[in-house]
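This report goes through a structure one topic at a time. Keep the sequence and the 3D view open while reading.

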Amino acid sequence: MLRLTAKHLIWLKSLFHLMGALPIAYLVIAVATDRAGGDPVQYIIHFTGMGALNALVATLLISPIAKFTKQGVLMQTRRLVGLYVFAYATLHIAAFFSLDLLFAWGLLFSEVVKRPYILVGALAYLIVTTLAVTSFKALMRRMGRRWQIVHNAVYLVAILAPIHFYWSVKSEIIEPSLYLVGLGLLLVWRLPFVHKKRVERGNVAGKMTK
Amino acid sequence: MANSSRFTQGILKKAQWHIQDNQVTPESVFRSRRHIVKAMGLGAIGASIPGYVQAGLFDLFGDQPKTSFITTPLTFKTNPQYGGSDGLTPFDKVTSHNNFYEFGTSKQDPMDNAQGFKVDPWQLRIEGEVERPMTLDLDQLTKMFPLEERTYRLRCVEAWSMVIPWVGFPLAALLKKVGVTSKGKYVAFETAFDPEQMPGQKSRLMGGGIHYPYVEGLTLAEAMNDLTLLSVGLYGKTLPPQNGAPIRLVVPWKYGFKSIKSIVRIRVMDKQPPTSWNQLASHEYGFYANVNPAVDHPRWSQATERRIGEGGLFSATRIDTQLFNGYGEFVAPLYDGMDLRKFY
C-alpha cells in the first residue's frame with residue numbers, strides 16, 4: 001500500500017479543505033436560489049449544525065484510521081479538520097442568533113436558560129472555541145504538557161454535541177442516536193484499557209509477521 | 001369554475017391574496033433560474049463532492065418540477081370575519097415547509113415525497129355517537145357544503161408561524177348533518193394509513209417514531225366552534241398533498257399538530273380519544289395544546305414566534321405569541337375556569 005508522506009500532505013490538506021468548504025458553497029447557492037425550503041432560517045441552522053457534528057466525527061476518526069492504516073502523516077490533518085468543527089459551529093450559532101432570534105439579546109439569555117439543549121450546545125461551543133484559539137503551533141509549544149490536557153476536552157465535546165442534537169428534536173431520535181453511539185464508540189476506542197489491549201495485540205501480531 | 005373573488009354590495013372584490021398579473025413572474029422565467037445557475041458551470045465540480053451534497057446539487061440544478069400533483073380551482077365565498085391584518089405567507093412557502101411525518105420528518109420531505117399521493121378515490125367515514133353515520137367520497141368533500149375562504153394564523157409548536165388562506169367548511173356543519181347523539185362528548189380524527197404511499201409509516205427512520213395512523217381529537221364544544229374548519233383547499237385551489245389533501249382539520253387557536261391532515265375517519269365518542277403527540281410524549285404535548293405564550297414547552301419557550309412571511313432570508317420577523325393565537329374572543333369561553341397550565 002502507498003505510504004503517504006509529507007509530500008502528499010499538501011494534497012491531503014487541499015482535499016480536506018475542499019470537503020469542508022464545498023458544503024458551505026452549496027448552502028450559499030441553495031439559499032440564494034430559493035432551494036432551501038420554505039424556511040431557509042431553519043434549513044441553515046440545521047445544515048450548519050450537522051456540518052459541525054460531521055466534522056467532529058471526521059476529526060475523531062483521523063487517529064484511529066491513521067493507526068489502523070499505519071498512515072502517520074494523517075495525524076497532521078487533525079487540526080485542519082478540527083477547525084472546521086469550529087467554523088461550522090460558529091456559523092450554526094451565528095445563524096441562530098442573527099436569523100432566528102434576530103439579535104434579541106434578552107431572548108438569547110432566556111432561551112439558553114429555558115432550553116437545556118441550547119445550554120449543552122453553548123457549553124460544547126465554549127470548549128471548541130478554546131481549542132480553536134489554542135490551536136496555533138507557537139501556543140502549543142509554549143503550553144507544553146498542558147496543551148494536551150486542554151485539548152483532551154474534545155472528548156467532552158464528543159459527548160455534549162450529540163446530546164445537544166438528541167435533545168433538540170421532537171421525536172425523530174434515530175439519527176441523533178446514531179451520532180451518540182458513533183461518537184461514543186470513538187471515545188471507547190481511546191479508553192486506556194481498550195487502547196492497551198489493542199497495542200498488546202498489535203505487538204503480538206507484529207512479532208508473528210517478523 | 002374558479003371563483004376566488006367575493007361579491008360585496010355589487011362590487012367585485014378580489015381576495016386579499018390576489019396579485020396583479022403584471023406582478024407575477026412568468027412560470028417559464030421562474031423555471032429558467034436553474035438554467036442560469038447551470039450556465040455558470042458550477043456542475044463541473046460535481047464529481048469531487050460527497051454523495052449527500054451531490055443529491056442536493058441535483059435538486060438545485062435539476063429541472064423536474066417538484067409539484068406534479070394536480071390541484072383544481074374551487075368555488076367559494078370569502079368569510080372576512082376572522083381575517084385580521086397579518087400579511088399572508090406566500091404559497092411557495094406554505095407548500096414547501098410542512099410537518100407531515102407520514103412523508104418524512106424534514107420540512108421539505110412532504111413536498112418531495114407526497115406528489116404521487118392518490119386522493120381519488122377517497123372515503124371519509126363519519127361514525128360513532130351520531131344518528132346518521134355517513135361516508136363522503138372525494139367529490140362530496142367539496143360539494144356537500146358551501147365552501148368559504150378564511151385566512152387563519154397557523155402557529156406551530158416549534159415556534160414558527162404562517163398566515164394561510166384556507167378554503168373549507170365548518171366542522172360544525174358536518175356534525176349537524178350527521179346529528180351527534182346525547183352521548184357524544186369528544187370527536188376523534190384519523191389520518192389515512194397507507195405505508196405504500198406514505199414512506200414515513202413504513203420506515204421508523206423516516207416517520208419520526210410516531211405510532212401510525214396519526215390520530216387527533218377535540219372536545220365536542222371545540223369541534224362545534226365556528227372557527228374549527230375542515231379545509232379542502234388553500235389559495236383558492238384544492239389542497240396539495242403535503243398540506244393534507246384531500247381534507248384536513250384547521251384549528252387555528254391550537255398548535256399546528258392538532259390540525260390533522262388527510263383525514264379518513266371522524267368518530268364522535270363519549271370519552272377523550274388518544275392523540276398522537278400526546279401518546280409519544282405526554283409531558284410535552286397535551287390533549288388541548290392551546291397556543292399559550294405563558295405555558296412553555298418543557299424544552300423551549302413559547303413566548304415568541306418567528307413569522308414566515310414574504311421575502312427572503314433577511315426579512316424574517318419575530319413576534320410575540322398571543323394567547324389562543326389571537327382568537328381568544330371566539331374561544332376563550334370554552335376554557336372558563338380551566339387551569340391552562342394543567343390542561344396544556
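Are B:Tyr288 and B:Tyr335 buried or exposed? B:Tyr288 is buried, and B:Tyr335 is buried too. Here buried means under 20% relative accessible area, exposed means over 50%, and partly exposed is in between, with a 1.4 Å probe and protein chains only.

## Basis of the report

This is a predicted model, in which local features need pLDDT of at least 70 and side-chain atom pairs count only at pLDDT 80 or more, while totals for chains, interfaces and linings use all residues. Residues are numbered from 1 along each chain as its sequence is written, chains are lettered from A and ligands numbered from 1 in the order in which they are written, and side-chain values use heavy atoms, with hydrogens and water left out.

## The two chains

Chain A has 10 helices and zero strands. Helices (H or I, at least four residues) and strands (E, at least two) are DSSP runs, numbered from the N terminus. The C-alpha trace of chain A spans about 65 × 40 × 35 Å along its principal axes. Of the 210 residues in chain A, 43% are buried. Among the contacts in chain A with a separation of 6 or more, 65% come from residues 24 or more positions apart; a contact means heavy atoms within 4.5 Å.

Chain B has 11 helices and 15 strands. Of its 344 residues, 53% are buried. For contacts in chain B between residues at least 6 apart in sequence, 72% join residues at least 24 apart.

## Two helices of chain A

Two packed helices are described by the angle between their axes and the distance between the axes. In chain A, the axes of helix α1 (residues 6-32) and helix α2 (residues 40-69) come within 11 Å and cross at roughly 175°. The axes are lines fitted to C-alpha atoms, for helices over the stretch in contact, and angles run from 0 to 180 degrees between N-to-C directions. α1(A) and α2(A) are therefore roughly antiparallel to each other. On this scale, angles under 35 degrees count as roughly parallel, over 145 as roughly antiparallel, 65 to 115 as roughly perpendicular and the rest as oblique.

Which residues meet between α1(A) and α2(A)? From α1(A) come A:Pro23, A:Tyr26, A:Leu27 and A:Val31, and from α2(A) come A:Tyr43, A:Ile44, A:Phe47 and A:Thr48. By class, this contact has seven nonpolar residues, one polar and no charged. Ala, Val, Leu, Ile, Met, Phe, Trp, Tyr, Cys and Pro count as nonpolar, Asp, Glu, Lys and Arg as charged, and the others, Gly among them, as polar.

A:Val28 is also in helix α1 of chain A. A:Val28 counts as exposed, at 53% relative accessibility. From C-alpha to C-alpha, A:Val28 and A:Ile44 are 9.3 Å apart in space, and they are 16 residues apart in sequence.

## Aromatic rings

Over all chains, the structure holds 22 aromatic pairs. Rings of Phe, Tyr and Trp (its six-membered ring) pair if their centres lie within 6.5 Å; planes under 30 degrees apart count as stacked, over 60 as edge-to-face and the rest as tilted. The ring centres of B:Tyr288 and B:Tyr335 are 6.2 Å apart and the planes are at 90°, so this pair is edge-to-face. It links distant parts of the chain, 47 residues apart: B:Tyr288 is in the loop between α10 (276-280) and β14 (304-307) of chain B, and B:Tyr335 is in the segment after α11 (328-331) of chain B.

Both tyrosines belong to one aromatic cluster, formed by B:Tyr186, B:Phe287, B:Tyr288, B:Phe324, B:Tyr335 and B:Phe343. The charged end of B:Lys258 sits over the ring of B:Phe287, 4.4 Å from its centre. A charge sits over a ring if NZ of Lys or CZ of Arg is within 6 Å of the ring centre and within 35 degrees of the ring normal. Likewise, the charged end of B:Lys261 sits over the ring of B:Phe100, 5.1 Å from its centre.

## Backbone details

Where in chain B does B:Pro121 lie? B:Pro121 lies in the loop between α4 (109-113) and β4 (123-128), and a cis peptide bond with omega of about 10° joins B:Asp120 to it. The bond from B:Ala245 to B:Pro246 is cis as well, with omega near 0°.

In chain A, A:Asp34 lies in the loop between α1 and α2. Its phi is near 65°, a positive value in a residue other than glycine. A:Asp34 is exposed, with a relative accessible area of 59%.
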